[in-house]
Amino acid sequence: MCIRRYDVRKEIAKSLLEIEAVFLSPAKPFTWASGIKSPVYCDNRLILTAPKVRDKVEQAIADTVKENYPDAEVLMGTSTAGIAHAAIAGHILNLPMGYVRSGAKDHGRGNRIEGRLEKGQKVVVIEDLISTGGSVIDVVEALREAGADVLGIVSIFTYGMKKGIDRMAAANVKNISLTDFDAVALAAAETGYIEESDIKRLMAFRDNPQDESWMKK
């Protein structure tokens, strides 16, 4: 099982790099909306426009749900990035799906949770990307307030940041990601995308994004 998980992490990491869903640029960092300088930019929406990679990712999501949350009764995507992935994985697994809005609608029935959800149903949340974990934990809490039994999260990519890990632990929620920042960095170095020496800089960013000393080569 551990060997298979490593293979999945590596394979998905390489696929995301190939379609530039994850883009590394330690020499010319990106600026996040928060103002943080980052050597990585992630746009998992590109998965949906790359059918071969999309098939691989969605099957991996479905397999992860089956293996780790075998009692799952409903998949709930995060809005908006997780919706398509929850729908496709739900189709593969023959499970119902819905999604959770970032806030309740200001019209109609004022729903925040879209799709039928019965109290006590066992739910797995599908997310595309986890950094500090705030938004997906907010989704988990909304589902819990609605009476769902949230088994955990399946995400495509996680930065593995300490803040995100601590928040998950505090919220008592389990997350399993198909791949992560470490696997992407190693895959990028193996293929010559980045230099071997850049791995240490990338790990320094992951460990403390606010400390810009990683930018000094």
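Me: Two strands are said to pair if DSSP finds at least two bridges between them; strands (E, at least two residues) and helices (H or I, at least four) are DSSP runs, numbered from the N terminus. Which residue in E6 is the bridge partner of methionine 76?

Reply: This is a predicted model, in which local features need pLDDT of at least 70 and side-chain atom pairs count only at pLDDT 80 or more, whereas totals for chains, interfaces and linings use all residues. Residues are numbered from 1 along each chain as its sequence is written, and side-chain values use heavy atoms, with hydrogens and water left out. Strand E5 (residues 74-78) pairs with strand E6 (residues 97-100) in the parallel sense over four bridges. In E6, leucine 75 has methionine 97 as its bridge partner, and the partner of methionine 76 is glycine 98.

Me: Which residue in E8 stands opposite leucine 75?

Reply: E5 also pairs with strand E8 (residues 122-130), in the parallel sense and over four bridges. Within E8, leucine 75 faces valine 124.

Me: How many residues of strand E5 are buried?

Reply: Buried means under 20% relative accessible area, exposed means over 50%, and partly exposed lies in between (1.4 Å probe, protein chains only). Val74, Met76 and Thr78 point one way from E5, Leu75 and Gly77 point the other way, and all are buried. The number of buried residues in E5 is therefore five of five.

Me: Where is asparagine 94 found?

Reply: Asparagine 94 is exposed, with a relative accessible area of 70%. Its phi is near 60°, a positive value in a residue other than glycine. Asparagine 94 belongs to the loop between H3 and E6.

Me: What is the omega of the cis peptide bond that joins serine 79 and threonine 80?

Reply: Threonine 80 is found in the loop between E5 and H3. The cis bond joins it to serine 79, with omega at about 5°.

Me: Which helix gives the most to the lining of the largest pocket?

Reply: On a 1 Å grid over the protein atoms alone, a pocket is an open set of points where a 1.4 Å probe fits, with protein on both sides within 12 Å along at least five of seven lines; lining residues have an atom within 4 Å of a point. The largest pocket has a volume of about 930 Å³, and of its 37 lining residues the closest to the centre are Leu129, Ser131, Thr132, Ser135 and Tyr159. Elements that each supply at least two lining residues include E4, E8 and helix H5 (162-170). With five residues, the helix that gives the most is H4.

Definitions and conventions: Grid points are joined across faces, edges and corners, and a volume is the space filled by probe spheres set on the points.
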